[in-house]
Amino acid sequence: MTETLAGTPPNAVEHDDFPQSSFHKDIRYFKAHAQMLPHHYTSGETNRALLGYFCVSALDILSALDTEVTGEQRKAWIDWVYRQQLEGGFRGAPFAATPTNNEYDVPHLTMTYTSLLLLLTLGDDLSRVNRSSIVQYLKSCQNENGSYPPFKGSPEKDMRFLYCACAVSYILQDWSGVDKDRAAKYILKSLNSWEGGFGQDAGLEAHGGSTYCALASLVLMSRLDAVETHKDQLIQWLLSRQTEGFNGRPNKDADTCYSFWVGASLTILGSYDMVDTVALQAFLTTTHSKHGGFGKIPGAYPDILHAYLGLCGLSLSNLSHQIPIAPIHAALCTTERVVEFMKNDSVYWRG
């Protein structure tokens with residue numbers, strides 16, 4: 001998990017037919033990036049755990065984890081993740097490592113969420129995770145209005161980090177770090193009744209990504225019934241995001257990542273069967289690189305985030321199960337296999 005491949009050809013913007021015929025290229029893409037990141041990702045050093053999770057989980061979606069990752073690599077990657085565990089959670093990388101926590105070397109909610117999923121994907125039972133420390137840190141981070149910052153003391157706060165707090169609490173089976181009533185109230189205040197979707201905060205424009213974070217948080221908290229009276233409006237707004245692929249807001253071009261954000265939102269609401277999956281898969285064909293991975297839009301260079309979320313969106317669209325790709329758990333953005341492993345084998349679910 002140290003870094004990821006520098007050898008993707010610079011002209012990797014050509015596209016081929018529907019990617020199921022070339023999944024071996026996607027496997028090569030994600031395996032290489034799990035081992036060494038190209039220099040383009042230098043600015044994302046602090047997000048290395050997130051990028052590593054995308055690569056490893058993608059191999060799981062493609063049913064290639066057992067064949068492409070050795071036992072020795074699994075152990076090394078698991079140990080690397082645990083070395084990023086601080087008091088209160090996980091950091092994304094050791095670039096600012098010091099003997100003790102300081103203002104520049106602190107746990108981050110997103111990195112804690114993805115680190116836990118990365119450990120589970122690699123087959124770790126979370127026995128070395130300091131659950132009490134993490135939930136106490138979550139509790140100290142929650143703002144009075146129910147929202148969360150990415151780390152304690154940050155002025156930034158929005159739906160993304162509330163979702164991460166909910167996902168972490170669900171994975172660890174301890175909700176003492178989340179005031180569910182305040183969190184649900186914050187989510188509902190961010191629902192734009194004049195549009196139909198959720199914004200990043202109250203009064204902000206409805207957005208496909210924040211709508212996903214809101215709905216996934218509610219379902220993880222077992223509070224999805226809070227939007228029952230708005231359900232039809234939410235479904236209509238989400239379905240109107242489809243042109244061929246999905247966009248995130250009105251009057252925007254379709255973007256690969258929204259095949260997951262919007263598709264998973266509709267899955268959570270039990271309405272994915274209304275999606276035109278033929279059109280969606282045709283769009284994903286145009287953003288898939290012949291060298292493996294997906295780009296943001298047709299003709300774009302592939303990147304790890306869009307490559308991973310493109311696979312997740314493709315999995316959600318696989319209603320007929322004709323594509324050889326693993327099913328996704330919509331609310332956690334991981335495979336159903338990992339969720340089953342978590343519930344059966346992780347220490348905090350075994351009781």
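Biologist: At what angle do helices H5 and H7 pack?

Modeller: This is a predicted model, so local features need pLDDT of at least 70, side-chain atom pairs count only at pLDDT 80 or more, and totals for chains, interfaces and linings use all residues. Residues are numbered from 1 along each chain as its sequence is written, and side-chain values use heavy atoms, with hydrogens and water left out. H5 covers residues 109-121 and H7 residues 159-172; helices are DSSP runs of H or I, at least four residues, numbered from the N terminus. Their axes (lines fitted to C-alpha atoms over the stretch in contact, with angles from 0 to 180 degrees between N-to-C directions) lie 8 Å apart, and the angle is about 35°.

Biologist: How many residues of the contact of H5 with H7 are charged?

Modeller: Contact means heavy atoms within 4.5 Å. H5 brings residues including Tyr113 and Leu116, and H7 has Phe161 and Val168 among its own. Counting Ala, Val, Leu, Ile, Met, Phe, Trp, Tyr, Cys and Pro as nonpolar, Asp, Glu, Lys and Arg as charged, and the others, Gly among them, as polar, the contact has 13 nonpolar, 2 polar and no charged.

Biologist: What percentage of the chain's residues count as buried?

Modeller: Buried means under 20% relative accessible area, with a 1.4 Å probe and protein chains only. Of the 351 residues, the share is 58%.

Biologist: What share of the contacts with a separation of 6 or more comes from residues 24 or more positions apart?

Modeller: The chain has 15 helices and 4 strands, strands being DSSP runs of E, at least two residues. Residues 24 or more positions apart account for 70%.

Notes
Buried means under 20% relative accessible area, exposed over 50%, partly exposed in between (1.4 Å probe, protein chains only).
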